[in-house]
Structure formats: structure tokens, C-alpha cells
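Here are my notes on the model, in numbered points. Please read them beside the sequence and the structure.

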Amino acid sequence: MATAPATHEEHDLGHHEQSFWEKYVFSTDHKVIAMQYMFTGMAMALIGGFFAYAFRMQLAYPGMEVPGWGLVTPNDYNQLVTNHGAIMIFWVAMPVLIAAMGNYLIPLMLGCDDMVFPKLNRLSYQIFLLSAVVLLSSFFVSGGGFGGAWTMYPPLSTKAEYSLTQLGSTIFVVAVALEFVAFLLGGINFITTAMNSRAPGMKLYDVPMVVWMIVVASILFMASVGPLIAGAIMMLFDQNLGTAFFDPDRAGDPILWQHLFWFFGHPEVYVVLLPAMGIVAEIITTFSRKKLFAYRTILYTVFGTGVLSFTVWAHHQFVAGIDPRMAHVFTVTTLLISVPIAEMLFVYIATLYGGSIEYSTPMLWALAFLVEFLIGGVTGIYLGASGGDIYMHDTYFVLAHFHYTFFPIAIIGTYAGVTYWFPKMFGRHMNEFWGKVHFWGTIIPFNGIFIPLFFLGAGGQHRRIADFTVYPELAQMQPWREFATVALLIMLAFQVIFLWNFFYSMFRGRKAEKNPWKANTLEWVAPSPPPHGNFPDGLPTVYRAPYEFSHPDHDEDYWPQNEPPAEQKA
Amino acid sequence: MRSRGIGNIQAVDVPPRTPVVSDGVLGMMLFLLTELMLFAGMISAFAIAKAGATVWPPPGQPRLPIEATAANSLVLLASGALLIHAQRQFSRDRESARKPFFAALTLGTGFVLFQGFEWVQLIGQGLTLQSSALGSFFYLIVGVHAAHAIAALWMLARTGRRMLSGWLQPSQLATAAVFWYFVVGVWPVVYGVVYW
Ligand SMILES: [Cu+2]
């Protein structure tokens with residue numbers, strides 16, 4: 001880091017021809033790094049989605065030869081669910097929502113030419129790529145990948161006689177640790193850039209909401225990940241150096257890991273939620289042609305949620321063994337944290353209220369986010385209360401609740417962002433018709449997958465079991481499992497439409513102008529796609545807040561942040 | 001400080017931005033926020049393990065060298081104080097900052113070397129990573145601190161090389177110094193919790 005600040009000289013090279021390697025592989029340009037993160041995340045999403053397909057097929061049709069995988073043995077099943085979870089959270093949601101969106105949007109929306117530490121930024125992606133390769137390599141060692149759930153609870157993760165893969169579990173921990181290092185470097189960049197590199201005239205209250213959300217998410221990540229890094233070091237020692245931090249036989253404490261993990265794990269929910277909320281905020285203001293309702297209230301709410309999110313983690317230990325008095329405290333904090341999130345949803349609805357809404361593809365995704373995430377939030381209340389959780393713990397109800405929060409965040413939020421900024425990223429439009437087909441083909445089956453899982457969970461179906469038909473009282477619910485799996489197959493099939501639309505439009509789509517949605521924030525001032533250095537006509541100066549739509553003092557219904565006031569123009 | 005591109009037209013009424021905290025120092029402070037939480041995690045885990053143990057310290061384990069380490073801690077604190085002095089001098093008269101700076105670097109290196117010497121002795125007396133919970137946590141926490149100390153010293157050494165060649169900027173000195181202040185500042189807590 002010592003050398004990082006003095007790196008801006010390389011940004012005056014607009015005139016020098018860059019080789020392919022300089023331009024796309026070892027680039028320090030924030031937009032290229034964003035694309036690297038995005039495409040790596042998309043590739044990992046295909047792997048994570050394939051794993052979901054394989055284990056859902058086994059659940060619906062136990063013992064079948066799954067096309068593309070073969071027989072899913074119980075050990076395979078554990079590896080598939082574990083790595084599906086880890087991949088979707090650490091190698092899809094985080095790289096796409098935070099790293100790709102943050103890298104792409106922060107310098108553009110702040111009106112500067114690049115991140116503050118471009119070389120650190122490049123290093124961040126390289127370490128991330130390495131972490132993905134390390135994770136995938138675990139499938140090829142003796143014993144195979146780790147199968148003790150993405151939460152890595154000891155003793156499943158620390159003892160080879162339980163994990164059945166000494167090396168696989170170590171590789172898993174190392175991969176996650178590397179991924180954290182990558183995001184640490186990214187977060188340092190995001191926050192420092194937002195604080196020190198804003199366009200002249202851009203005050204803190206003029207920063208677009210999505211940038212704020214990514215900045216707060218980065219702060220949350222950095223403040224919460226330390227204890228988990230401590231836990232990861234202790235776990236690696238337990239696995240390989242013979243220590244007994246988490247081994248109760250030798251005076252260790254397995255619950256200690258759960259505390260260290262969830263101290264990070266719960267704020268992590270907000271680490272990925274906030275960028276998605278920010279993306280949605282940008283989209284709903286643009287497509288309802290209204291000012292974002294209560295900008296400052298949202299901002300304070302976000303900070304409040306961030307602080308509160310550090311006080312709820314032990315709701316994951318209600319069943320593991322926790323003093324009931326502490327369980328009461330954590331029940332109260334957990335239920336309390338639903339208040340600011342509900343408030344944010346209401347504020348978003350207030351933004352929509354009375355607007356002239358245009359149902360474009362990004363807007364559909366943004367609205368779907370609000371609806372589906374609401375279901376995720378409401379079902380969380382049953383689990384946050386310790387009494388309800390004791391019944392629901394480790395059932396499919398938890399799993400369905402979790403997916404109603406994470407699917408809107410990681411998938412719906414990503415599709416919203418990608419369809420909204422696609423014209424800026426590639427200078428072309430995606431096809432609206434196929435965009436809408438893909439939207440409905442994703443949203444309807446998504447509910448088809450997870451609504452049955454709520455019923456299965458309430459009916460007592462426990463998680464992490466490869467074949468329920470061996471339990472007579474669970475076997476009778478098999479039609480629901482088949483329904484969910486068929487819905488998953490339909491949803492996966494519709495993703496082909498997205499991939500085709502994405503890559504076809506990238507090269508053949510209708511050309512996009514600078515500001516196709518007539519939005520106000522600074523990324524729309526740059527050409528589509530922005531060249532190296534972002535703003536060839538000079539870096540913009542900011543005169544007003546980011547959401548001045550339908551302003552009474554202005555003729556047009558949008559008023560870009562960089563447009564000088566009338567008296568200065570004259 | 002940062003190039004804002006060619007042909008940038010700035011309106012007269014919008015003053016150019018001057019950051020309150022320089023990029024390097026802010027970036028370093030954010031990194032140290034994570035490291036602070038890392039130490040908080042390890043130290044509270046140790047405190048819980050200690051509180052939950054039936055017998056503490058674990059029987060048959062050597063006594064930690066409380067007195068010798070106290071003296072060594074003073075060396076580290078002196079190093080931190082010298083660096084503060086060097087940083088102050090640097091903003092007034094660059095030449096006069098050299099002596100306290102390299103004295104701070106030398107004392108810091110001395111601290112790490114003495115810790116290493118202590119480790120060798122403790123291992124000889126039977127305190128190892130596997131011998132007890134005390135050994136595990138001792139080497140974990142003190143080891144992670146030592147890793148930070150070595151990284152910060154390496155960064156200070158690079159800063160010192162720049163200082164000698166006359167290329168050093170105050171913000172670069174501040175970035176490295178903040179790292180060292182963290183190492184110095186977190187040590188009394190580590191000493192208080194682990195050794196006592
Ligand atoms: Cu939680």
C-alpha cells in the first residue's frame with residue numbers, strides 16, 4: 001500500500017495504443033476490472049446454478065442418474081449444497097453486486113477518471129480470480145470438495161474423520177480467506193475514492209444513493225470480517241497444526257466458531273443487500289420521473305441499519321446453546337432491525353407514488369425486487385423470534401426465507417443493474433421484448449421453487465438430507481419437491497434467453513446514446529461506452545442533487561447534476 | 001494533488017477539492033479498521049476461553065515472561081513516541097527528522113527480535129502451539145501481532161529509503177506511521193490480556 005497513491009501518472013496515456021494484454025487482462029482501468037469481476041461472477045453463477053440443478057434433481061427423483069452429473073451420492077449431495085451456497089454468496093453476489101457494480105459506477109458517478117488506488121484495484125481482482133480457482137480445485141483433490149455446509153461449523157470442518165476430505169476442507173477455508181483479501185482491497189478503494197475523489201461541487205448529500213450504499217456495505221464488510229479472519233486462522237490451525245481451538249475434547253469450544261462466523265455472517269446480509277437497494281433506488285427514480293423520496297432519511301436509515309446489524313448475530317445460535325436471557329436480547333435486536341428495512345421499502349414506494357411509471361425491463365426487475373424481498377423480510381420475523389425459531393430451525397422454512405432474501409438481492413438486483421447500465425457499459429441496448437420474456441420466465445418459476453419449500457419446512461422437512469423418501473412422514477410430500485425442481489428447470493432454461501440477449505446485444509444491439517434513460521447522475525455524461533479516463537470533454541462539475549426529476553423550475557423533466565444553472569449559461 | 005484530466009473547465013464558484021485526510025492515510029486507516037476487528041475477535045475469543053476454563057493457567061505450562069516483556073513493551077512504546085517526534089520534525093525541517101525516524105525503526109526491530117528470542121525460550125520450556133489452550137492462543141495472538149509488526153517495519157524501512165533519497169512526501173510518511181502507531185497501540189492490550 002505504501003506505493004499505491006502515486007499511480008496516477010499512467011492516466012495521461014489516452015493517446016498511447018494499448019496492447020490487448022494491457023487493455024483487457026492487466027488493466028488498471030476501473031471499468032475493465034468491473035467487467036472482469038462481472039464475467040467471472042457470471043461464470044461462477046453458471047457453476048452454482050448447475051450444482052443447484054444437480055441436487056434438486058436428486059431431491060425430486062432420488063437415485064436417478066442426473067444428466068450432466070450422474071448419480072448424486074449423499075457425499076456428492078453435501079458437496080453440492082455446500083459449494084452452491086459458498087459460490088453464490090462469495091463468488092457471485094459479492095463480485096457482481098459490490099465489486100463489479102462498485103468498480104463500474106463509483107468513479108463514473110463521482111465524476112472522476114478512476115479509482116484512487118488503481119493498482120490495488122487490479123490486485124484485488126487477481127486475488128479474487130485466484131480464490132475462485134482455488135475453490136474449484138478442491139473438487140479434484142482426494143476426498144473431493146468440502147461438504148460441511150458453507151457455514152463451516154466445527155467439528156465437520158476441522159476433523160478429517162467427519163469431513164472425509166482433509167485437504168478439501170483446508171482449500172475451502174483458504175479460498176474464502178483469499179476472497180476476503182480481494183474484497184478488503186476493493187473496499188479500501190471504494191471508500192477512499194468516494195471520500196476524496198468526488199467531482200468539484202459534489203457534496204456528500206449529492207452522492208447518488210447506489211454509491212452511498214456500496215460505500216456503507218464496504219464499511220460493514222471491513223468492520224465485520226476481522227473476527228471471521230481470526231476464526232479462519234484458528235480453523236486452519238485446528239485442521240493442520242494440531243491446535244484445539246474448536247475441539248471440545250481438548251478444552252476447545254465449537255460454538256466459538258459460530259459466534260465468530262455469524263458476527264460476520266449477519267452484517268454480510270446487509271453487505272450484499274445495500275448495493276441491491278441502491279441499484280433499485282437509481283432505477284425507480286429514473287423510471288417514475290420522480291425525485292428519490294427522503295434521500296437523507298434513507299441515508300441515515302442505512303447507517304442505522306449498519307450499526308444495528310452488528311448486534312443480531314446470535315439469532316443463529318438459538319438452538320446451538322445460548323443463555324435464554326441472551327436469546328431474548330437477540331430476539332429484540334433482530335426484530336428491531338426489520339423496522340429500518342421496512343421503512344426503506346415504504347420510502348421506495350413513496351417514490352413510486354404519483355410518478356409517471358415506465359415499465360421498462362430494469363424497472364420490472366426493480367419492482368420485483370421490492371415485492372420478493374418483502375416476502376423474504378416478513379418470513380424472517382418468524383425466525384428472528386427465538387420461540388418460533390426453535391421449531392423452524394434447520395428446516396426448509398429457513399432455506400426458503402433465506403432464498404427470498406438472497407435471490408432478490410443477488411439475482412434480481414443484478415439483473416436490474418445489468419439491464420439498466422447495459423447501454424452505458426457496451427454502448428448498445430438490450431432487446432426489450434426478450435428482456436421482458438426473461439423477466440417473467442425468471443420471476444414466476446422463482447416463486448414456484450420456493451413457495452413449496454415454505455410448506456415443506458413448516459411440515460418438518462429438515463435441511464441437508466439427500467433423500468427424504470426414506471422417512472415415511474416426509475415421503476408423502478414428494479409432489480412438492482418435484483414441483484420445486486420442475487420450476488427450477490424452467491427458470492434455468494429461461495436464463496439461456498438472457499445470455500443470448502446479453503451477448504447478442506453486446507455486438508448487434510441497437511446503438512445507445514449517452515443518456516438513453518434521460519437520467520441525472522454523472523455516468524450518463526460520459527460517452528457510451530466511456531473511454532479510458534471516462535470523460536473526454538473534461539471532468540464534470542456538479543451543481544445539484546442527483547434526483548432532480550420533474551423539477552418545477554426546469555423545463556425538461558430531468559436536470560443532470562452537471563448542467564450549470566441558467567444564469568451561468570447565459 | 002490528483003490530475004483531473006486535460007481541458008477540465010471548472011466553474012469559478014466551485015472550489016477544487018482538498019481532502020481532509022490524504023488518500024494513503026485514509027486507505028491505511030480503513031485497512032487498520034479490519035485489523036482492529038481481527039485483534040478484537042482473537043482477544044475476545046481468548047478471554048472467553050480463559051473465563052470458561054476450570055484451571056487457569058493450564059497446569060504444567062511455563063510461566064510467561066511478564067517482566068522481561070514489560071521492558072520490551074517500553075522499547076516498543078518508545079519507538080512509537082520517537083516516530084511521532086520524527087513526523088512532527090519532518091513537517092518543519094526534513095533533515096532533523098532522520099535521527100528520530102531511524103531510532104524508531106531500530107527500536108521497533110529490536111522489539112520484534114526480542115520477541116523471537118522469547119519464543120525460542122518458551123518453546124524450549126514446553127509451551128507450544130499444541131501443548132495447551134494457553135500455548136495455542138499465545139502463539140496465535142502474539143504471532144499475528146508480530147506479523148503486523150514486521151509488515152509495518154518493512155513499510156517504514158521503505159519510507160526511510162525514500163527519506164534518504166529526498167523523495168518522501170509527508171502523506172507517505174504519515175501512511176507508514178499510522179500503520180506503526182497501530183502496531184504500537186494494540187500491543188499494550190495484547191500484553192495485558194495474554195500475559196496477565
Ligand atoms: Cu442473521
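1. Helices (H or I, at least four residues) are DSSP runs, numbered from the N terminus. In helix 3 of chain A, a kink of about 45 degrees is centred on Pro95(A).

2. On the basis of the notes: this is a predicted model, where local features need pLDDT of at least 70, side-chain atom pairs count only at pLDDT 80 or more, and totals for chains, interfaces and linings use all residues. Residues are numbered from 1 along each chain as its sequence is written, chains are lettered from A and ligands numbered from 1 in the order written, and side-chain values use heavy atoms, without hydrogens and water.

3. Helix 3 of chain A covers residues 74-110. Its 37 residues reach 50 Å from first C-alpha to last, close to the 54 Å expected at 1.5 Å a residue (the expected span is 1.5 Å times one less than the number of residues). Of these 37 residues, 33 are buried, so the helix is largely enclosed by the rest of the structure. Buried means under 20% relative accessible area, exposed over 50%, partly exposed in between (1.4 Å probe, protein chains only). Gly111(A) follows the helix, with a positive phi near 75 degrees.

4. Which residues hold the copper ion? His266(A) (ND1), His315(A) (NE2) and His316(A) (NE2) coordinate the ion at 1.8 to 2.1 Å. Donors are N, O and S atoms within 2.8 Å of the metal (3.2 Å for Na, K and Ca); water is not among the atoms, so sites may look incomplete. The donor spacing along the chain is H-x48-H-H. His315(A) is buried, at 10% relative accessibility, while His316(A) is partly exposed, at 22%.

5. Asp249(A) and Lys159(A) form one of them, at 4.0 Å, N to O. Asp249(A) lies in the loop between helix 7 and helix 8, and Lys159(A) in the loop between helix 4 and helix 5, so the pair ties together parts that are 90 residues apart in sequence. Asp249(A) is exposed, at 66% relative accessibility.

6. In chain B, Glu95(B) and Arg98(B) meet in a salt bridge of 3.8 Å, N to O. Both lie in helix 3 (residues 94-124), three residues apart, about one turn of the helix. Glu95(B) is exposed at 52%; Arg98(B) is partly exposed at 26%.

Notes. Helix = DSSP H or I, 4+ residues; strand = E, 2+ residues; numbered from the N terminus. Bend = angle between axes of the 7 residues up to and from the residue. Salt bridge = Lys/Arg side-chain N within 4 Å of Asp/Glu carboxyl O.
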